[in-house]
Amino acid sequence: MGEAPGADAPFGLLAELTHRCPLRCGYCSNPVDLVGRGDELDTATWCSVFDQARALGVLQVHLSGGEPLARKDLPELVGHAAGLGCYVNLVTSGLGLTPERLAGIDHVQLSVQDADEAGANRIAGVKAFGAKLRAAEVVREAGLPLTVNVVLHRLNLDHVGGIVALAERMGADRLELANTQYYGWALRNRAALLPTEEQLARAGEVVADAQARLAQVMEIVYVIADYHEAHPKPCMHGWGARQLTVAPNGDVLPCPAAGVIEGLGVENVRDRPLADIWYSSPAFTAFRGYEWMREPCRSCARREVDFGGCRCQAFQLTGDAAATDPVCTLSPHRGVVDAILAGGPTEVGHRAVVR
Amino acid sequence: MTGFDAVPRLRRGVKAAFDETRDSHVVLFPEGVLVLNETAAAVVSLCDGRTSVEGIALKLAERFDGVEADDVAELVARLVARRVVDVDG
Ligand SMILES: C[S@@+](CC[C@H](N)C(=O)[O-])C[C@H]1O[C@@H](n2cnc3c(N)ncnc32)[C@H](O)[C@@H]1O
Ligand code: SF4
Ligand code: SF4
């Protein structure tokens, strides 16, 4: 297969089928430069992407976006991925979910915005709360495992107890509570979304209690707020190590945010086979392994734990994608993060609509 | 550790499969993928909701040398921790 030394086969493909979405979440991590409908890959090309991904070693296909249900050909795409023996995970806002559309899907991740209707609609920019409750019922009736995903920020962190109760009512097997990661629209709305230390401390306690109380019923995964931590997150478990993302237009990326890094050398599935891109495209080899690291990461004992953090975050906050993630207290740029944390809140805006 | 009477079964949403690319048995579940060695694959195939840990060890002993119920119990405990299997009893 012409493997470059050091690169293992990927396990997961994040297929961003479209950037179209009926919601307009102010925290959305989709790129600010959204791909329009006219530039989306067609059905046959997506099927070929799945074929190539499976041949490359991909076993899990995450169908996401934007809103994957906005693709009319979703049943065909699901059927194709499932037919290859892949585990098919639908990542959805739930709008437009029907029993028919669940055929071939192994697991559903349903996003919810807040504990109650008013809060949820405020951040989503549209009325979507009721549809989500119905979507959860549809998933349960189909007998599929359900994960409820909630992105946490200043406007909903104080409601985390109510959010846990809502997930229980929805019959979730898992609840993922993820503090906002600042990419795309979330980066633009960061000042409005950043929580206070006190909010995070209180929410942390509520989550720990719920985890202990519900251990046998519902697994609760809590993703911490990295700006407030001393060390960065182990982003993607290492660059180009386990997963790849294909954007709606066919761009192949090490993570969904990587398009922001200037000069990365992103390649497209319309131009080159997926395996070649995974093993040898500059976008994937640039930060694979440890060779690219400089000090303080290069000689740091934690480099195998956190891989020096997130390349996109390093680029966004320092202008240099090869820098230590500035969240790290060992980074000479940590002051940038502290200055952001010291800034005051603003009004939240919404994601743009894409057609 | 899991007891010898415990009866493991694959959790809802977990699929066992064979991956030609890696030439290995795997389990696929919402959080990820586990690549199994031969013994682990044999144990997983017997996590059917009917066979106890002790029963699994007896069946495996017919195919592999030196299988101890302790080893099976430990492996099942690890699969429980990864939320791949559930146990009754
Ligand atoms: C971009 S969305 C696309 C799928 C679908 N529209 C949805 O929202 O569920 C994919 C997942 O990322 C989560 N997400 C969105 N923005 C995020 C952010 N800034 N930080 C962390 N997770 C985010 C969503 O909650 C969802 O579970
Ligand atoms: S996070 Fe919200 S706006 Fe972004 S794709 Fe999902 S539902 Fe749409
Ligand atoms: S210096 Fe680099 S490797 Fe060490 S903790 Fe900070 S980010 Fe991680």
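Partly exposed residues are those with a relative accessible area between the buried limit of under 20% and the exposed limit of over 50%. In this predicted model, A:Arg272 is partly exposed because its relative accessible area is 25%. A:Arg272 forms a salt bridge with A:Glu267, with the closest N and O atoms 2.8 Å apart.

The whole structure holds 22 of them. Within chain B, B:Asp48 pairs with B:Arg50, the closest N and O atoms being 3.5 Å apart. The two partners fall into separate classes of accessibility. B:Asp48 is partly exposed at 28%, whereas B:Arg50 is exposed at 68%. A network of salt bridges with shared partners joins A:Arg174, A:Glu176, A:Glu219, B:Glu31 and B:Arg83.

The interface of chain B and chain A was examined next. It brings 16 residues of chain B into contact with 21 residues of chain A. About 1600 Å² is buried between the two chains, and carbon and sulfur atoms account for 51% of it. On the chain B side, the most area is lost by B:Arg12, B:Arg22 and B:Pro30, which together make up 37% of what that side buries. The rule finds 6 salt bridges across this interface. One of them links A:Arg54 to B:Asp19, at 2.5 Å between the closest N and O atoms. In another salt bridge, the side chain of B:Arg12 meets that of A:Asp173 at 2.7 Å, N to O. A:Asp173 lies in the loop between α5 (160-169) and β6 (174-179) of chain A, and B:Arg12 in the loop between β1 (7-10) and β2 (15-19) of chain B. B:Arg12 is partly exposed, at 43% relative accessibility.

The largest nonpolar core has 89 residues, of which A:Leu13, A:Phe50 and A:Leu63 touch the most other members. Helix α1 (residues 43-56) of chain A contributes the most to this core, with 6 residues. Beyond its sequence neighbours up to four places away, A:Leu63 touches residues including A:Phe50, A:Pro68, A:Leu74 and A:Val91. A second, separate core has 26 residues, among them B:Val27, B:Leu34, B:Ala42 and B:Ile56.

In chain B, B:Val85 sits in strand β5 (residues 85-88). B:Val85 is buried, because its relative accessible area is 1%.

How values were computed: Residues are numbered from 1 along each chain as its sequence is written. Chains are lettered from A and ligands numbered from 1 in the order in which they are written. This is a predicted model: local features need pLDDT of at least 70, side-chain atom pairs count only at pLDDT 80 or more; totals for chains, interfaces and linings use all residues. Side-chain values use heavy atoms; hydrogens and water are left out. A nonpolar core is a set of buried Ala, Val, Leu, Ile, Met, Phe, Trp, Tyr and Cys residues joined through side-chain atoms within 4.5 Å. Buried means under 20% relative accessible area, exposed over 50%, partly exposed in between (1.4 Å probe, protein chains only). Helices (H or I, at least four residues) and strands (E, at least two) are DSSP runs, numbered from the N terminus. Contact means heavy atoms within 4.5 Å. Buried area is the accessible area (1.4 Å probe) that two parts lose on being put together, summed over both. A salt bridge is a side-chain nitrogen of Lys or Arg within 4 Å of a carboxyl oxygen of Asp or Glu.
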